[in-house]
Amino acid sequence: MAYLYRHIRLDKNQPFYIGVGGLNKFDNYRRANNKTYRSSWWKKIIKKTDYKVEILFDNVSNKYALEKEKEFIKLYGRKDLGTG
């Protein structure tokens, strides 16, 4: 099972990251709340502002979470590609 989450920067109230995490009895949304193993771009944003974690889909199949991740990334775009 999996979950889909987004990080929302509080200064602009805008999503800046969409991700998928795996659920198990020890996870407790660890990936969504983890600040390590993030890109330098992600780290630059959290140096500027606080953020909140929002769980969009919970306890879904990994396949479904990955499909939704693609949909949300397409919806919001990507800064590195000039689409977001």
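This is a working chat about a predicted model and its side-chain contacts.

User: What kind of model is this, and what pLDDT do local features need?
Analyst: The model is predicted; local features need pLDDT of at least 70 and side-chain atom pairs count only at pLDDT 80 or more, while totals for chains, interfaces and linings use all residues. Residues are numbered from 1 along each chain as its sequence is written, and side-chain values use heavy atoms, with hydrogens and water left out.

User: OK, aromatics. How many pairs does a search of the whole structure find?
Analyst: The search gives 10 aromatic pairs. Rings of Phe, Tyr and Trp (its six-membered ring) pair if their centres lie within 6.5 Å; planes under 30 degrees apart are stacked, over 60 edge-to-face, and the rest tilted.

User: Which class do Trp 42 and Tyr 51 fall in?
Analyst: Trp 42 and Tyr 51 are edge-to-face, with 5.5 Å centre to centre and 75° between the planes.

User: Are those two buried or exposed?
Analyst: Trp 42 is buried, at a relative accessible area of 0%. Tyr 51 is buried too, at 18%. Buried means under 20% relative accessible area, exposed over 50%, and partly exposed in between, with a 1.4 Å probe and protein chains only.

User: And what about Phe 72 and Tyr 76?
Analyst: Phe 72 and Tyr 76 make a tilted pair, 6.0 Å centre to centre and with 40° between the planes. Both are in helix 3 (residues 62–76), four residues apart, or about one turn of the helix. Helices (H or I, at least four residues) and strands (E, at least two) are DSSP runs, numbered from the N terminus. Phe 72 counts as buried at 17% relative accessibility, and Tyr 76 as partly exposed at 28%.

User: Which residues do ring pairs link into a cluster?
Analyst: The cluster consists of Tyr 3, Tyr 5, Tyr 17 and Tyr 29, linked by ring pairs.

User: Which ring does the charged end of Arg 38 sit over?
Analyst: The charged end of Arg 38 sits over the ring of Tyr 17, 4.9 Å from its centre. Arg 38 also lies over the face of Trp 42, at 5.1 Å from the ring centre. The rule is that NZ of Lys or CZ of Arg is within 6 Å of the ring centre and within 35 degrees of the ring normal.

User: Where is Arg 38?
Analyst: Arg 38 is in the loop between helix 1 (30–33) and helix 2 (40–48).

User: What does lie 3.0 Å from a polar atom of the Arg 38 side chain?
Analyst: The backbone oxygen of Asn 34 lies at that 3.0 Å separation.

User: Switching to salt bridges. How many are there?
Analyst: The count is three salt bridges. In one of them Glu 54 is joined to Arg 6, with the closest N and O atoms 2.3 Å apart. That pair links distant parts of the chain, Glu 54 in strand 3 (residues 51–60) and Arg 6 in strand 1, 48 residues apart. Glu 54 is partly exposed at 26%, whereas Arg 6 is buried at 16%.

User: Which residue does Asp 11 form a salt bridge with?
Analyst: Asp 11 bridges to Arg 9, the closest N and O atoms being 2.8 Å apart. Asp 11 is partly exposed at 46% and Arg 9 is buried at 11%.

User: And Lys 68, which partner does it have?
Analyst: Lys 68 bridges to Glu 71, with closest N and O atoms 3.1 Å apart. Lys 68 and Glu 71 are three residues apart in helix 3, so about one helical turn separates them.

User: Last topic, the strands. In which sense do strand 1 and strand 2 pair?
Analyst: Strand 1 (residues 2–9) and strand 2 (residues 14–22) pair in the antiparallel sense over eight bridges; pairing requires at least two DSSP bridges between two strands. The two strands form a hairpin with four residues between them, and Asn 13 in the turn has a positive phi of about 55°.

User: What stands opposite Gly 19?
Analyst: Tyr 5 stands opposite Gly 19, which is in strand 2.

Note on methods. A polar contact is a pair of N or O atoms within 3.5 Å; within protein, one must be able to donate a hydrogen and the other to accept it, and residues adjacent in sequence count only if both atoms are side-chain atoms. A salt bridge is a side-chain nitrogen of Lys or Arg within 4 Å of a carboxyl oxygen of Asp or Glu.
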